Amino acid sequence: MTSDLTPSQLLAGLDDDQAAAAQALQGPVAIIAGAGSGKTRTVSHRIAYGIQTGSYAANRVFALTYTNRAAAELRTRLRSLGAQDVAVRTFHSAALTQLQFFWPQLTDSFAPKLVTHKGPLIQEVLEQMGIRATAELKSSLQAEVEYVRYSMKDPEKYQASRPEGSSLGAERFGEFFRAFELLKQKRRIIDWEDALLLCVGMLRDQPRMLAHVQQQYRFFTVDEYQDISPLQQALLETWLGDRQELCVVGDPRQTIYTFAGARSDFLTGFQDRYEKAQVFELNRNYRSSQEVVALANRVSPDAPLEAIRQVSEKPVFKTFKNAGDEALNVVRQINEFLENGVGRGEIAVLARTNAQLVKIEQELKNSSVDYQVRGSGRFFKRPEVVQGAGAIRALQTSEPKEPLFMEVSKIISALGWKSRANKDEKWLALNWFLEVLEELDEPNLDEYLRELDERERSGHEPMRDAVMLATIHGTKGLEFAKVFLIGVNQNYFPIGYAKTEAEIAEEQRLFYVAITRAKDFLQVSSRLDKHPSDFIKRFGSHTPTS
């Protein structure tokens, strides 16, 4: 299927800056896309335009995203433009696919089994070391392990330079790290970072396999490039070789994952690496009210956004007695919005940490308001989701007798799904298996399972028509008509452990991301029983409310 749109029609819906970027089809290209500037639209139309003009062969285009949700959105956009043959993957999914494809050719055996959760392995290692495995310690160690791997740091050098107050002493951390890696090797299992590392090593060590990949893919597009890690960059450079057919898209103002090894200098230094690079800036904001954009520009004054919508609604700064009072008032306002016809899915309550959302959740329960906690992993722990995923994985042990769609339908039907039923939470959870299958356009079983694993890794759970509760990290790329940003107090936001200039700067970028999720209404609130955030002192006001 090819697009019915002509090249000129593909450009017609873009503004001048977007169209200029979409027509830059050759050589290294960087698109600095501000919040709400139509980034995904520009990228999808650029790819479709390249295909329609004959500059690209659709099956040789490789689009890479940071999250699975972004991949699904781009895939849907491209399909609507007739460019459904373009490969759209996350780095993790692409690496695992190539590893599983080439590994049997190298070893005459299947690739090591992927483990999607480190928690049980970390707990086992800690118990072997005689250390009490608290949830906080396991979470902290997982973050450190992932940081070391994504940053491609030498574990021993990192061990010697770990910051004060780390979860384990330097020697004990080194002991833990070695034991963790050894346990995976003994059990012949890998985690997501291993998939990336092994793919890089395999392709660099095997010229024939690398040539196969490079022959298959020639034109690369990388989304959210400001959040790429050295490990992902190494894989990208391996795929590219000495070619320069690369388009990167991102926004340094929204770099919020340096704690996980991300480095925005790959984006900001793009022209240093590629002297002939073309750089385009998209700074027209089509999302937010003029006053929300003005606030965002105060928070990040470099390359200010231009508000396009002729909508005037000023951000509101409020203070409340304590967390309970804040939750009570926020939920009262949510109920007023709902009574006035605002959809539940158009409302979001954002916080720096999940713990800050607990009282909001309780008040929503008390008010019988349907809500969804995003990024907490609850969806993937639902019994029917665990059982469904297990049953689908069991299909690998035998040759399926029917098409995959029928096999999956039988599994979820056995768990209670019906084609015509009340669409309660259980039904929606089971129906998700079919939605993923349909999005992938007739995948085989291995491709389908990789997608399910990747969605769990990236927290890409289905969105319901419900009030969204989420940390700011969990809403990157999303937008809402009404946004409540709660708990903006010192040591909460910015977070207490952010001490260095670089760490505070990242917290400020996170504040910027939170602000720019709002289309119309934005309320930023703090508590009187805690010190107000420096962000409120610098960018807003705080007048006590009754």
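F219 is buried, at 7% relative accessibility; buried means under 20% relative accessible area, exposed over 50%, and partly exposed in between (1.4 Å probe, protein chains only). The model is predicted: local features need pLDDT of at least 70, side-chain atom pairs count only at pLDDT 80 or more, and totals for chains, interfaces and linings use all residues. Residues are numbered from 1 along each chain as its sequence is written, and side-chain values use heavy atoms, without hydrogens and water.

The structure holds 29 aromatic pairs. Rings of Phe, Tyr and Trp (its six-membered ring) pair if their centres lie within 6.5 Å; planes under 30 degrees apart count as stacked, over 60 as edge-to-face and the rest as tilted. Y56 and F219 form a tilted pair, 4.4 Å centre to centre with 35° between the planes. Y56 lies in the loop between helix 3 (39–52) and strand 2 (61–65), and F219 in strand 6 (residues 219–222), so the pair ties together parts 163 residues apart in sequence. Helices (H or I, at least four residues) and strands (E, at least two) are DSSP runs, numbered from the N terminus. Y56 is also buried, at 7% relative accessibility.

F220 and W239 make a stacked pair, because their ring centres are 6.4 Å apart and their planes stand at 20°. F220 sits in strand 6 and W239 in helix 12 (residues 230–240), 19 residues apart. F220 is buried at 2% relative accessibility. W239 is buried at 0%.

## Other ring contacts

One aromatic cluster is formed by Y147, Y158, F173, F176, F177 and F180. Elsewhere, R527 lies over the face of Y492, at 5.7 Å from the ring centre. A charge sits over a ring if NZ of Lys or CZ of Arg is within 6 Å of the ring centre and within 35 degrees of the ring normal.

Six strands form an open sheet in the order 3-2-6-7-1-8, with parallel pairing. Two strands pair if DSSP finds at least two bridges between them. Strand 3 (87–90) and strand 8 (278–282) stand at the edges; each has a single partner strand, so one side of each lacks a neighbour in the sheet. Neighbouring strands are turned by 15° against each other on average, direction ignored.

Strand 1 (residues 29–33) and strand 7 (residues 246–250) pair in the parallel sense over 4 bridges. A30 stands opposite V248 in strand 7. Helix 4 packs on the sheet, touching strand 2 and strand 3. The direction of helix 4 makes about 170° with that of strand 3. Axes are lines fitted to C-alpha atoms, for helices over the stretch in contact, and angles run from 0 to 180 degrees between N-to-C directions.

## R69 in helix 4

R69 is found in helix 4 (residues 68–80). R69 is buried, with a relative accessible area of 16%. Leaving aside neighbours within four places in sequence, R69 is in contact (heavy atoms within 4.5 Å) with R374, H460, K476, G477 and L478.

L121, I122, V125 and L126 are buried in helix 6 (residues 119–128). They cover an arc of only 135° around the axis, which puts them on the same side of helix 6. The arc is that of the directions from the helix axis to the C-beta atoms. The face turned away from the buried side carries the exposed residues P120, E127 and Q128.

Cover for the buried residues of helix 6 includes helix 7 (135–151), helix 9 (170–187) and strand 5 (189–190). Helix 6 is followed by G130, whose phi is positive, near 75°.
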